[in-house]
Amino acid sequence: MVYDELKNPEGTRSLPVDEDLPGMGQYYCLHCDRYFANVTIRDEHFKTKRHKKRVKIMTGPAPHTQLDADLAGGMGMPDNGPKLMSM
């Protein structure tokens, strides 16, 4: 889900206020899918090795999907061979 959100940027989006999340849900890192209590903690997080590694992973190739897993496991679309002509 995070990868799909990164591919469809909405620019600056306003986050809904949620009292159950840290910082009322306003300070969010999209790459790491984490909420922070305030701006300074979020900005410090942006400088960490963990965040930079996550950004690098997310800008790389697309992650595998369920269809990829099914095809690799031999559970893809059935191959019934060529259709025979009826006479």
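Which residues does UniProt assign to the feature "domain: C2H2-type"?

**View 1. The annotated span in a predicted model.** The structure shown is a predicted model. The UniProt record, an unreviewed entry, places the feature "domain: C2H2-type" at residues 29-51.

**View 2. Confidence along the chain.** Mean pLDDT for the chain is 78. A value of 70 or more is reached by 75% of the residues. Helix 2 (residues 39-46) has the highest confidence, at 92. Helix 1 (residues 2-7) has the lowest, at a mean of 61. Where pLDDT is low, predicted coordinates should not be read in detail.

**View 3. The aromatic pair, Tyr28 and Tyr35.** The count of aromatic pairs comes to one. Its ring centres, those of Tyr28 and Tyr35, are 4.6 Å apart, and the planes meet at 40 degrees, so the pair is tilted. The reasoning rests on two cut-offs: planes under 30 degrees apart would count as stacked, and planes over 60 as edge-to-face. Tyr28 has a relative accessible area of 13%, so it is buried. Tyr35, at 31%, is partly exposed.

**View 4. The loop residue Asp33.** Asp33 sits in the loop between strand 1 (27-29) and strand 2 (34-36). Its phi is positive, about 55 degrees, although Asp33 is not a glycine. Most residues other than glycine have a negative phi. The relative accessible area of Asp33 is 45%, so this residue is partly exposed. The cut-offs behind that label are 20% for buried and 50% for exposed.

**View 5. The salt bridge between Arg42 and Asp43.** The count of salt bridges comes to one. The side chains of Asp43 and Arg42 form it, with an N to O distance of 3.8 Å. That distance qualifies because the cut-off is within 4 Å. Asp43 is partly exposed, with a relative accessible area of 32%.

View 6. Lys56 belongs to helix 3 (residues 49-58). Is this lysine, Lys56, buried or exposed? Its relative accessible area is 66%, so Lys56 is exposed. How far apart are the C-alpha atoms of Lys56 and His31? They are separated by 9.6 Å, while the two residues are 25 residues apart along the chain.

Notes:
Residues are numbered from 1 along each chain as its sequence is written. This is a predicted model: local features need pLDDT of at least 70, side-chain atom pairs count only at pLDDT 80 or more; totals for chains, interfaces and linings use all residues. Side-chain values use heavy atoms; hydrogens and water are left out. Helices (H or I, at least four residues) and strands (E, at least two) are DSSP runs, numbered from the N terminus. Buried means under 20% relative accessible area, exposed over 50%, partly exposed in between (1.4 Å probe, protein chains only). UniProt positions are given in the numbering used here, feature names are shortened, and annotations may be inferred rather than shown by experiment. pLDDT is the predictor's confidence in each residue, from 0 to 100. Rings of Phe, Tyr and Trp (its six-membered ring) pair if their centres lie within 6.5 Å; planes under 30 degrees apart count as stacked, over 60 as edge-to-face and the rest as tilted.
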